Structures are given as structure tokens and as C-alpha cells.
Amino acid sequence: MAKEMWENFKSGFVKENPVFALYLGICSVLAITTTLNNALGMGITVTIVLILANTIVSLLRKITPNEIRIPVYIVIISTLVKSSELLIKAYAPTLDTALGVFIPLIVVNCIILGRAEAYASKHSVIESAVDGLGKGLGYTFGLIIMSVIRQVLGTGVLNLTNPFTGNMIFEIQIIPADYVISVFTQAVGAFLTFALIAAAVSALNARKQTKGAK
Amino acid sequence: MENLLTLAISAILINNIVLSQFLGICPFLGVSRKKDSAIGMGLAVIFVIVGASILSYLLYHLVLDPLDIEYMNLISFILVIASFVQFTEMFIKKYSPSLYKSLGIYLPLITTNCAVLYVALANITSGYNFVEMITYSIAVPVGFMLVLIIFSYIRERLDIAPVPKAFKGNPVALIVAALMAIAFSGLAGLV
């Protein structure tokens with residue numbers, strides 16, 4: 001039981017990474033990964049919403065009529081997202097301006113509805129919460145990788161600020177400002193970085209499979 | 001009038017919903033393998049966005065705003081969109097079963113196409129009046145359909161091209177999208 005949960009938790013990082021292997025929720029991944037700050041803010045928000053949504057869906061799974069389950073999930077998810085949007089607006093206004101419309105768009109992030117339908121509606125509360133944490137961290141992990149590559153290549157600087165106070169936590173200049181490739185902060189860079197990481201993950205999974213076959 | 005034209009051109013070409021706003025990528029990758037389903041999907045999305053935008057615009061200005069419950073916007077809009085997609089699905093199933101088959105799972109998934117919710121929200125936050133709202137709600141999905149059709153033509157050629165194994169499928173499609181984004185960013189000087 002515990003082992004199964006751990007396996008499920010682990011699979012979210014590479015093998016079944018919701019972003020690079022399953023291609024779920026990539027709209028926000030491409031759009032907001034220009035800086036590490038945005039990636040962390042978005043990742044943590046999605047993880048919290050995912051855990052809570054999975055927990056509530058799982059709690060209600062026995063009394064939800066099968067025919068209207070999708071509308072029920074959507075109402076649960078949009079209530080959670082709206083609450084987090086209002087909380088972020090109140091306590092972390094800089095994050096709110098940076099992420100903008102992508103916070104309300106978490107409602108239509110396929111990962112959350114996908115996990116509710118595929119996992120939380122069939123499993124116990126604790127299993128669902130752990131699944132939400134695992135997949136949410138896998139998503140955050142994907143966002144962090146993308147944003148680090150794009151921010152370093154595009155601006156040469158890697159920094160992190162505390163969204164609640166606006167204080168700088170750290171800032172390092174990795175590439176001299178004269179040698180940055182600014183195209184990585186734009187749309188082209190997003191598609192290109194994503195394509196290369198997705199190809200790497202698919203090559204990694206293919207290699208594991210051939211090893212397993214031997 | 002000139003204003004509306006600028007709004008439309010910028011929504012179709014310059015701030016293209018897929019290539020510069022990154023919305024609606026799931027169906028963009030999912031149903032772009034064949035030209036016919038790309039056209040069908042494009043038309044379905046135009047229909048859903050225009051219908052859902054008008055309904056949510058009226059809902060916001062006639063109900064939510066007078067009652068001072070604007071914070072219900074997200075929840076009510078997504079319900080409007082979900083029911084509208086359900087309606088479209090029933091409609092297509094009845095009148096074009098072949099299109100219904102070729103769109104498959106992506107038809108109910110229009111609900112989670114972020115472009116739909118984005119347009120409904122943007123109509124409110126940008127403060128458009130009714131005519132501007134209609135123009136914007138038509139222009140955005142037209143841009144989506146344009147890119148989807150171009151992309152499906154490229155992908156049909158891609159099927160017979162020798163692609164490295166790891167890049168097969170979605171990764172190479174994303175590289176194509178990156179190249180298209182470069183091409184589209186050249187149009188930025190139009191308006």
C-alpha cells in the first residue's frame with residue numbers, strides 16, 4: 001500500500017511527468033516560465049489547488065452521481081482557484097501582476113481535471129492527496145527546469161524574490177549581459193526549450209524501456 | 001470602424017492566441033494531424049468562443065455586476081462554457097457524425113481549452129463594449145483556426161520526413177511551432 005503510493009508519487013517526476021511526458025497543462029508552462037519567480041509561484045499554487053481538489057473530489061466520490069461528475073469537479077476546482085486568486089491578490093500582489101490571467105486559467109489546466117477524473121474519483125482520500133502532491137511537484141519541477149533554462153539563456157541572471165515582501169532572496173549573474181540570447185524570453189524560446197526537453201524525456205523513457213526488455 | 005479593424009488584425013496575427021499567448025495548445029497538438037479535423041475543430045472553436053463570450057458578457061453585465069458579486073465570474077463563466085460545449089457536442093453529433101468521430105475526445109475537451117475562458121475573461125477585464133466584444137470574440141478563434149490549418153498542412157508533410165526517434169510526434173511538432181512563431185513575430189509591425 002505504502003509502496004504503491006510511493007511509486008505513484010515518484011512517477012510524476014520523469015516517467016509520467018505531467019508536463020513533458022503527458023503534455024498536460026502546457027499552455028501555462030510555455031507562457032509563464034520566463035522567470036524562476038513566476039515558475040515557483042505558479043507551481044506552488046497549482047500544487048495546493050491540486051491537493052485540495054483531489055481531496056475534496058475523493059471525499060465526495062461516493063455521493064457524486066456519475067452523470068454530472070464533470071460539472072461537480074469543475075465547480076470544486078473553480079471555487080478553489082478563485083479563492084487562491086483572491087488570496088494571491090491580497091498577500092502577494094507582485095506575483096499577481098506577473099502571472100496575470102494565468103491564475104484564473106488554472107481552472108482549465110488539464111492536470112487538475114485529469115487527476116480528479118482519472119485518480120481521485122476512484123481512490124481513498126489519503127491516496128488522492130498524495131497523488132495530488134506528487135503530480136503537483138512533478139509539474140513544479142517541470143516549470144523550474146524550463147524557467148531556469150529560459151531565464152539564464154535569455155537574461156543571463158538567475159534570481160528569486162520573496163513574493164510576500166518583495167525582498168530579493170538571491171541573484172547571480174551566470175552569463176555576461178553581452179552574450180545573452182534574448183529570443184529565449186520570447187515565444188520562440190518557449191516552444192524550442194519545451195521541444196528539446198520533451199525529446200530528452202522521450203529518449204530517456206525509451207532507453208529505460210529497452211533496458212527493461214533485456 | 002478603424003479601431004475594430006486594428007483590434008481584429010492584432011488578435012488574429014500579432015497577438016495570435018496560440019503562437020504568442022500560448023493558449024489552446026492541447027487541441028493545437030492533438031487535432032492537427034489531418035487537415036479535415038483541423039478545419040472542423042477550428043469551426044467548432046469559433047462557434048463555442050463566440051457563443052460562450054456573448055453569454056458570459058451578458059451574464060456579467062446584467063447579473064453579476066448589478067448584484068455586486070463579480071467574484072463569482074470564474075465559477076459562472078466556466079459553467080456557461082461547459083454547458084455550451086455540451087450543446088455544441090450534441091449539435092455536431094446529430095448533424096455531422098463523421099466530424100464527430102474525427103474530433104473524438106477533443107470535442108468535450110474544448111471546455112478545458114484555455115482560449116475559451118481566456119476570451120470570456122479578457123472581454124471583461126479589457127472593458128470592451130458590445131461591438132468590440134463581438135469583434136474580439138470572432139477574431140481570436142479565427143487566428144486559432146488559421147494557425148491550426150497551416151500547422152496541419154506542415155504536419156502532413158512531417159509524417160513522411162525522416163525525424164530522429166526521440167523527436168517523433170510532439171517534440172518535432174513543437175519545433176515547427178517555434179519556427180511558425182518566428183514567422184508570426186515578423187508581422188508585429190503591421191499595426
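Predicted model: local features only at pLDDT ≥ 70, side-chain atom pairs only at ≥ 80, totals over all residues.
## Chain A at a glance

Let us start with the parts list. Chain A contains eight helices and two strands.

How does the radius of gyration of chain A agree with that of a compact globule? A compact globule of 214 residues would have a radius of gyration near 17 Å, and the value for chain A is 18 Å, so the two agree. Along the principal axes, the C-alpha trace of chain A spans about 60 × 55 × 30 Å. Of its 214 residues, 42% count as buried. Among contacts in chain A with a separation of 6 or more, 76% come from residues 24 or more positions apart.

## Chain B at a glance

Chain B has eight helices and zero strands, giving the pattern α-α-α-α-α-α-α-α along its sequence. With 191 residues, a compact globule would have a radius of gyration near 16 Å; chain B comes out at 17 Å, which agrees.

The box filled by the C-alpha atoms of chain B is roughly 60 × 45 × 30 Å along the principal axes. In chain B, 40% of the 191 residues count as buried. Residues 24 or more positions apart supply 80% of the chain B contacts with a separation of 6 or more.

## Where the chains meet

Now bring the two chains together: 32 residues of chain A are in contact with 28 residues of chain B. On the chain B side, the elements giving two or more residues are α2 (25–30), α4 (73–95), α6 (114–125) and α8 (170–185). Which of these gives the most? That is α8(B), with nine residues. Sorted by class, the chain B side that touches chain A has 24 nonpolar, four polar and no charged residues.

## The two α4 helices

Which residues of α4(A) are buried? They are Tyr73(A), Ile74(A), Ile76(A), Ile77(A), Ser78(A), Leu80(A), Val81(A) and Lys82(A). The buried residues of α4(A) pack against α3 (36–59) and α6 (110–120) of chain A, together with α4 of chain B. In α4(B), the buried residues include Asn73(B), Leu74(B), Phe77(B), Ile78(B) and Val80(B). The buried residues of α4(B) pack against α4 (69–91) of chain A, together with α3 and α6 of chain B.

## How helices cross in chain B

Two packed helices are described by the angle between their axes and the distance between the axes. For α3(B) and α4(B), the axes come within 9 Å and cross at roughly 145°, and the crossing is right-handed. Residues making this contact include Phe47(B), Leu55(B) and Leu59(B) of α3(B), and Phe77(B), Val80(B) and Phe84(B) of α4(B). By class, the contact of α3(B) with α4(B) has 14 nonpolar, five polar and no charged residues.

Helix α3 (residues 35–64) of chain B also crosses α6(B): their axes come within 9 Å, at roughly 40°. This crossing of α3(B) and α6(B) is right-handed. Among the residues making the contact are Val48(B), Ile49(B) and Ala52(B) of α3(B), and Val116(B), Val119(B) and Ala120(B) of α6(B). The residues of the contact of α3(B) with α6(B) divide into ten nonpolar, three polar and no charged.

## A closer look at Asp131(A)

To finish, let us zoom in on a single residue. Asp131(A) sits in helix α7 (residues 125–155) of chain A. Is Asp131(A) buried or exposed? Asp131(A) has 24 C-beta neighbours inside 10 Å, and a residue needs 20 or more to be buried, so it counts as buried.

Setting aside neighbours within four places in sequence, Asp131(A) is in contact with Asn8(A), Asn54(A), Arg115(A) and Tyr119(A). Thr193(A) lies 62 residues from Asp131(A) along the chain, and their C-alpha atoms are separated by 27 Å.

Key: Residues numbered from 1 in each chain as written. Chains lettered and ligands numbered in written order. Helix = DSSP H or I, 4+ residues; strand = E, 2+ residues; numbered from the N terminus. Rg over C-alpha atoms; globule rule 2.2 N^0.38 Å. Buried ≥ 20, exposed ≤ 12 C-beta atoms within 10 Å, placed from the backbone. Contact = placed C-beta atoms within 7 Å. Nonpolar A, V, L, I, M, F, W, Y, C, P; charged D, E, K, R; others polar. Axes fitted to C-alpha atoms, helices over the stretch in contact; angles between N-to-C directions. Left-handed = near helix turned anticlockwise from the far one by under 90°.
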